[in-house]
Amino acid sequence: MNKKAGPLFYIFLAIFVFLVMFPFLWMLLSSIKPVSELFGDKAFHPFTDHPTFKNYVSVFTNYPFLKYLWNSFVVSGVTTVYTVLIASFTAYAIARLQFKGKTVILGLVLSVSMFPQIATISPIYILLKNIGLTNSYLGLIIPYTTVTLPLSIWILVTFFRKIPFDLEEAAKMDGATLMQTYWKVILPLAVPGIFTTAILVFIAAWNEFLFALTINTDDKLKTVPVGIAMFEGQFTVPWGDITAATVIVTVPLVIMVLLFQRRIVSGLTSGAVKE
């Protein structure tokens, strides 16, 4: 018998949501404040009597912000497509095919994600510099794929394992090859997992900072996180521009997550319940 949540539950839920959203809400309110109200006593006032959008205008007029957005979109988009494609094939092989060493391979893949970025940035940078891929889109896509691929494989393995093996056997009985079975039977049923994986990979690539800061030093090839970090004023830090830029790059991700939250939750919990 299901129990209804009491008022205390909703109070704690409201407090929790407020604490989670507080940094973003403060950033949003700060982005529409005049510069004079970002410092001094008025800096701690959440609201302003003189809202302005000058900070948003400044982001696009005083900085190559559109170029930063385009760079992040290209790198994140290509990384997502490539990672999901490779991860789907790898996860299918691990989850559905019988061969020796599957557990070892999966363990090695996951062990890659345990290395901190700061420990791998030096050899990756030296390698990319020697082959001439610094200050390029491909120079970021390669390490981004390395970072996001282990988690992608792990999520998709869970999905592929959940699909009934009877469907595969039926396809083989009908004369389907291994690749035909994958493309026409297994892959369509794994769409929720692939969709979830793609969103997580895109967000991870969009927000990545360390590799982007180190590998692409050319201002024309900087991504959004690095571009915002490099905002500079003549005598002070332009907090108004920084907060406005942060809101601009965060809102699309928030909207995307809200629109596809059911698919994301379905993807993350699909393998949790045994049928």
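**Close-up 1. A lysine charge over the ring of a tryptophan.** A charge is taken to sit over a ring if NZ of Lys or CZ of Arg is within 6 Å of the ring centre and within 35 degrees of the ring normal. In this predicted model, lysine 33 lies over the face of tryptophan 26, at a distance of 5.6 Å from the ring centre.

**Close-up 2. The stacked pair of phenylalanine 89 and tyrosine 182.** The structure holds 15 aromatic pairs, and in the one shown here, phenylalanine 89 and tyrosine 182 are stacked, with 5.0 Å from centre to centre and 25° between the planes. The pair links distant parts of the chain, since phenylalanine 89 belongs to helix H3 (residues 65–96) and tyrosine 182 to helix H8 (residues 178–189), 93 residues apart. Phenylalanine 89 has 32% relative accessibility and therefore counts as partly exposed, whereas tyrosine 182, at 1% relative accessibility, counts as buried.

**Close-up 3. The edge-to-face pair of tyrosine 92 and phenylalanine 160.** The ring centres of tyrosine 92 and phenylalanine 160 are 6.0 Å apart and their planes stand at 80°, so the pair is edge-to-face. Because tyrosine 92 lies in helix H3 and phenylalanine 160 in helix H6 (residues 137–162), this pair ties together parts that are 68 residues apart in sequence. Both tyrosine 92 and phenylalanine 160 are buried.

**Close-up 4. One aromatic cluster.** The residues of the two pairs described above, Phe89 with Tyr182 and Tyr92 with Phe160, belong together with Trp183 to one aromatic cluster.

Conventions:
Residues are numbered from 1 along each chain as its sequence is written. This is a predicted model: local features need pLDDT of at least 70, side-chain atom pairs count only at pLDDT 80 or more; totals for chains, interfaces and linings use all residues. Side-chain values use heavy atoms; hydrogens and water are left out. Rings of Phe, Tyr and Trp (its six-membered ring) pair if their centres lie within 6.5 Å; planes under 30 degrees apart count as stacked, over 60 as edge-to-face and the rest as tilted. Helices (H or I, at least four residues) and strands (E, at least two) are DSSP runs, numbered from the N terminus. Buried means under 20% relative accessible area, exposed over 50%, partly exposed in between (1.4 Å probe, protein chains only).
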